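Hello,

Here is the structure for you to look over. My notes on its aromatic rings follow.

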Amino acid sequence: MTFSTAAARKATTSRKWGPWALFFRGFLKHPLMVGSITPSSNTLIRHMLARVDWEKCSLFVEYGPGVGTFTPHILARLAPEATYIAIDLNPDFIRYLETHVQDHRFRPILGSAVDVEQIARDNGFDHADYILSGLPFSTLPHGVGSAIAAATARVLRPGGAFLVYQFRAKVKAFLAPHFSRIDQALEFWNIPPCFLFWGWKLTQS
Ligand SMILES: C[S@@+](CC[C@H](N)C(=O)[O-])C[C@H]1O[C@@H](n2cnc3c(N)ncnc32)[C@H](O)[C@@H]1O
């Protein structure tokens with residue numbers, strides 16, 4: 001198949017199936033990095049975001065936005081002058097977000113969540129208020145999950161929170177060394193049902 005034929009076929013698939021096809025292709029290409037076959041449900045999204053104090057949120061960061069399943073929900077709640085940085089390792093997903101999300105508050109970044117502190121600084125921030133993670137912690141390369149949890153705890157402001165949704169409760173082991181208060185829930189309206197965690201950074205540190 002020539003490049004142009006392949007590109008045309010890809011564009012047709014994208015038009016037909018949109019974000020779902022792109023997400024599924026991302027899973028087939030990098031199953032361990034994507035970690036899920038379907039995007040999050042609206043119920044899970046509402047549940048996860050319910051504890052964010054949007055009036056006290058100048059910088060919202062998302063790790064692993066994929067095709068932007070949370071993105072419209074975050075933008076609908078975010079203050080007009082706030083910023084939303086979305087970091088993903090997959091260039092196809094970042095290109096999709098750059099093309100499909102037109103909002104001055106939104107900054108899709110190709111990179112790793114491990115580098116969140118540098119990415120925040122590059123964007124003019126010394127801390128984040130809330131960080132949401134859709135990363136598949138249990139299938140990340142050894143050491144990466146712990147490094148991300150540590151960097152997240154450093155960059156969050158006191159009183160801020162790390163919001164994590166995950167199919168296995170095991171992720172709590174990554175959070176526990178860095179967050180002394182962790183709230184937990186189970187969301188059944190998702191395929192598959194999903195654990196939700198809110199790791200709160202202490203107000204004085
Ligand atoms: C389960 S998908 C998240 C899907 C999406 N947030 C949703 O709710 O439907 C996991 C995402 O994490 C990304 N990812 C994996 N490792 C990463 C890392 N170290 N830094 C940033 N993104 C990463 C993958 O490319 C993928 O887009």
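Is Phe137 buried or exposed? Phe137 is buried, with a relative accessible area of 2%. (Buried means under 20% relative accessible area, exposed over 50%, partly exposed in between, with a 1.4 Å probe and protein chains only.)

Before the rest, the ground rules. This is a predicted model, where local features need pLDDT of at least 70, side-chain atom pairs count only at pLDDT 80 or more, and totals for chains, interfaces and linings use all residues. Residues are numbered from 1 along each chain as its sequence is written, and side-chain values use heavy atoms, leaving out hydrogens and water.

The structure holds 8 aromatic pairs. (Rings of Phe, Tyr and Trp, the last by its six-membered ring, pair if their centres lie within 6.5 Å; planes under 30 degrees apart are stacked, over 60 edge-to-face, the rest tilted.)

Phe60 and Tyr84 are edge-to-face, because their ring centres are 5.9 Å apart and their planes at 90°. Phe60 lies in strand 1 (residues 59-63) and Tyr84 in strand 2 (residues 83-88), so the pair ties together parts 24 residues apart in sequence. (Strands are DSSP runs of E, at least two residues; helices are H or I, at least four; both are numbered from the N terminus.) Phe60 is buried at 0%. Tyr84 is also buried, at 0%.

Phe137 pairs with Phe174, tilted, at 5.3 Å centre to centre and 45° between the planes. Phe174 sits in helix 8 (residues 172-175). Phe174 is partly exposed, at 23% relative accessibility.

One aromatic cluster is formed by Trp54, Phe60, Tyr84 and Phe106.

Best wishes
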